Amino acid sequence: MNFDLTQEHQMLKNMMRDFANEKVAPGAIERDKTKQFPTEIFKELSDMGMMGLPFDEDYGGAGADTISFAIVTEELSRACASTGITYSAHISLGGAPLHLFGTEEQKKKYLTPICTGESFGAFGLTEPNAGSDAGGTQTTAKLEGDEWVINGSKVYITNASHAKHLAITAITGTDNGKKEISAIIVPTDAEGFTIIDNYEKMGLNASNTTELVFENVRVPKENLLGVQGNGFKQFLTTLDGGRIGIGAMAVGIAQAAFDKALRYSKERKQFGKSLSEFQITQFKLADMALKIELARTMVYKAAWLKDQGRAFGKEAAMCKLYASEIAMEVADEAIQIHGGYGYMKEYEVERFMRDAKLLEIGEGTSEVQRMVIARHVGC
Amino acid sequence: MNIYVLVKRTFDTEEKIVVSGGHIQEDGAEFIINPYDEYAIEEAIQVRDAHGGEVTVITMGDEEAEKQLRTALAMGADKAVLINTEDVEDLDQFSAAHILAEYLKDKEADLILAGNVAIDGGSGQVGPRVAELLGINYVTTITNLEINGDTVAIKRDVEGDTEELETKLPLLVTAQQGLNEPRYPSLPGIMKAKKKPLEELELDDLDIDEDDVEAKTETVEIYLPPKKEAGKVLQGDLQDQVKELVGLLRTEAKVI
Ligand SMILES: Cc1cc2nc3c(=O)[nH]c(=O)nc-3n(C[C@H](O)[C@H](O)[C@H](O)COP(=O)(O)OP(=O)(O)OC[C@H]3O[C@@H](n4cnc5c(N)ncnc54)[C@H](O)[C@@H]3O)c2cc1C
Ligand SMILES: Cc1cc2nc3c(=O)[nH]c(=O)nc-3n(C[C@H](O)[C@H](O)[C@H](O)COP(=O)(O)OP(=O)(O)OC[C@H]3O[C@@H](n4cnc5c(N)ncnc54)[C@H](O)[C@@H]3O)c2cc1C
């Protein structure tokens with residue numbers, strides 16, 4: 001057993017912490033208000049070689065491990081969760097399926113611009129009538145000659161406005177009366193493809209969440225990603241990896257909330273004492289620190305298993321479920337410790353709570369995580 | 001161009017520092033590259049990228065200083081040297097300059113960069129002393145550097161004003177804030193840093209006798225600056241305020 005980060009991990013963490021404090025945190029309140037996408041931050045992250053973090057150097061990636069991905073995602077989310085989800089979705093939803101299932105040619109063509117930051121990565125799975133039950137997909141892709149003709153719509157798709165292409169899931173036929181779902185790569189400038197960016201969200205305001213509409217969108221036959229009919233299996237694999245990203249985001253938000261609450265409790269005096277002198281406040285902070293420690297350890301464990309090439313589906317679900325739930329609890333307590341100030345945007349903890357809520361919903365709700373874990377433990 | 005950078009591992013003074021028993025407590029303190037040395041590293045990398053050559057970063061300290069050297073390698077330096085002084089009792093600016101100069105004397109350095117001061121000791125002596133020992137030109141607190149052949153045009157900060165001057169290589173300069181904006185190490189840089197050469201030397205390897213580099217100064221006491229007290233706002237008639245102020249400066253602050 002060894003719980004130490006390697007020297008590279010430690011260096012990456014220090015560097016990302018500095019970067020997040022100096023470049024990401026300062027505009028976070030403003031971006032939450034204006035819903036301005038963090039374009040400049042991502043230009044810098046591209047220059048720093050972060051956009052292709054886990055992917056092969058052949059495609060412009062850095063070939064780093066999942067622990068590194070968790071570290072970067074946590075540090076970005078600590079400063080600004082909108083930046084964190086943009087990054088996490090870019091890597092684990094956008095890049096990962098291409099990396100896992102793409103042909104050499106597809107990787108050269110589609111993964112490379114993701115690694116360089118020229119295109120953001122995105123993944124279109126959820127539909128108006130297919131959320132937790134993603135098998136309920138209604139979007140269709142019919143083969144006509146050498147082309148897929150796509151019709152249907154997707155909802156809540158992260159990063160699509162800033163992507164040059166993305167993988168979507170669609171019904172490509174029936175197999176013994178069962179729907180056959182496949183993944184297809186679609187360029188975002190294809191004719192008949194509309195991306196609508198006008199949701200009014202509770203949080204993660206500076207991230208890009210979109211609706212996709214396909215009206216007779218034609219893409220070449222070779223845009224099929226992976227094996228025809230394997231779309232369902234493929235996205236389950238993709239989501240396993242994505243859950244580590246959500247877990248890391250949750251740890252980042254929780255850490256930010258804790259840091260603010262601890263500092264505030266030492267500064268704020270009531271009844272002639274600082275809040276941190278009250279045992280009830282101390283116990284709250286102790287519980288918050290405990291939960292964060294456990295969540296981060298679980299995120300690292302899931303990431304480590306993935307890096308060892310071992311099964312990590314159960315642990316990924318556990319880390320995502322636990323970290324997202326404690327992020328909500330910790331953010332809630334951080335607001336409570338701030339009293340009336342915590343209810344004000346200026347003190348940021350209220351944003352942490354709004355941002356954290358998505359983590360209990362996206363990439364599988366908490367209920368879905370419990371279903372996954374239950375299946376793994378033999379129910 | 002053969003470029004060397006003198007780098008020091010220091011306490012992060014933005015983090016909490018605890019003094020006990022006349023020493024700064026190392027446990028729990030955060031360590032960083034001295035911020036002025038970061039400017040020096042950045043400038044070295046830029047000079048190399050423009051003129052070719054190699055950047056070697058040097059530090060003195062214990063094994064822990066490898067972290068700061070690896071960070072410099074991740075930023076883009078080519079090689080690193082750690083002069084291990086863990087077993088040496090008493091070191092000061094004299095000792096440091098002497099050891100570094102011993103290492104550098106046969107390296108035919110074209111350009112040596114250092115920080116203007118280290119934020120821990122704050123003496124600003126090591127750079128100039130090394131240059132003196134090597135018998136080369138030096139310019140302190142530089143904010144701009146332009147190299148043309150072996151002619152170097154420099155702007156330096158003189159208490160807020162700028163002095164422009166010209167000198168020749170080989171040269172030692174010390175970096176002031178404003179010289180550049182140090183880059184963040186890139187991810188590929190971090191991943192390659194471990195594979196770059198890092199040489200570890202003992203004083204013996206440099207033929208230095210510990211007694212010859214014994215500190216010339218003695219630290220009498222280390223203490224934290226006094227806690228900042230809340231200010232006092234004087235009130236009332238201007239005449240009375242002035243009187244009160246003069247009185248307080250005499251009796252309380254005892255500065256007049
Ligand atoms: C900001 C944001 C970004 C997103 N980004 C993406 C993206 O990039 N790509 C993408 O494809 N999707 C994305 N999503 C969609 C997200 O993955 C879905 O919202 C999520 O999977 C839940 O689906 P749903 O909203 O349809 O809820 P539903 O599935 O309708 O669930 C509603 C409630 O019912 C519960 N429930 C459902 N089934 C069961 C059951 N069998 N047992 C018990 N409880 C159940 C759920 O847990 C939930 O509490 C995003 C969503 C948001 C809000
Ligand atoms: C939207 C809004 C509307 C408001 N409207 C009004 C209004 O109309 N009129 C008005 O007068 N005020 C109003 N308030 C102020 C509100 O009543 C105060 O914010 C509230 O009483 C808490 O005080 P505080 O914000 O100073 O927090 P603090 O008193 O600083 O408390 C911070 C935290 O420390 C805890 N704490 C404090 N003392 C102790 C202790 N001894 N032991 C354990 N824990 C302790 C608190 O429970 C809290 O969790 C409003 C506030 C808001 C946000």
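How many salt bridges does the rule find across the interface of chain B and chain A? The rule finds 0 there, a salt bridge being a side-chain nitrogen of Lys or Arg within 4 Å of a carboxyl oxygen of Asp or Glu. Over all chains, the structure holds 32 salt bridges. This is a predicted model, in which local features need pLDDT of at least 70 and side-chain atom pairs count only at pLDDT 80 or more, while totals for chains, interfaces and linings use all residues. Residues are numbered from 1 along each chain as its sequence is written, chains are lettered from A and ligands numbered from 1 in the order in which they are written, and side-chain values use heavy atoms, with hydrogens and water left out.

**Interface of chain B and chain A**

- On chain B, 14 residues are in contact with 17 residues of chain A, where contact means heavy atoms within 4.5 Å.
- The two chains bury about 1,400 Å² between them, with 70% of it on carbon and sulfur atoms; buried area is the accessible area (1.4 Å probe) that two parts lose on being put together, summed over both.
- Between chain B and chain A, 2 residue pairs are in polar contact (both at pLDDT 80 or more). A polar contact is a pair of N or O atoms within 3.5 Å; within protein, one must be able to donate a hydrogen and the other to accept it, and residues adjacent in sequence count only if both atoms are side-chain atoms.
- Helix H2 (66-75) and helix H5 (187-193) of chain B each supply at least two residues of the side that touches chain A. The largest share of that side, 5 residues, comes from H2(B).

**Chain B as a whole**

- Chain B has 6 helices and 13 strands, taken as DSSP runs numbered from the N terminus (helices: H or I, at least four residues; strands: E, at least two).
- Of the 256 residues in chain B, 40% are buried. Buried means under 20% relative accessible area, exposed over 50%, and partly exposed in between (1.4 Å probe, protein chains only).
- Among contacts in chain B with a separation of 6 or more, 70% are between residues 24 or more positions apart.

**Salt bridges within the chains**

- Arg183(B) forms a salt bridge with Glu42(B), with the closest N and O atoms 2.8 Å apart. Arg183(B) lies in the loop between strand E12 (171-175) and H5 of chain B and Glu42(B) in helix H1 (residues 35-51), so the pair ties together parts that are 141 residues apart in sequence.
- Arg183(B) is partly exposed, at 33% relative accessible area, whereas Glu42(B) is buried, at 3%.
- Arg243(A) and Asp240(A) meet in a salt bridge (3.6 Å, N to O). Both lie in helix H7 (residues 231-267) of chain A, 3 residues apart, about one turn of the helix.
- A network of salt bridges links Lys13(A), Arg17(A), Glu74(A), Glu75(A), Arg78(A) and Arg296(A).

**Ser324 of chain A**

- Ser324(A) is found in helix H9 (residues 313-338) of chain A and counts as buried because its relative accessibility is 0%.
- The side chain of Ser324(A) reaches the backbone oxygen of Lys320(A) at 2.7 Å and that of Leu321(A) at 3.1 Å.
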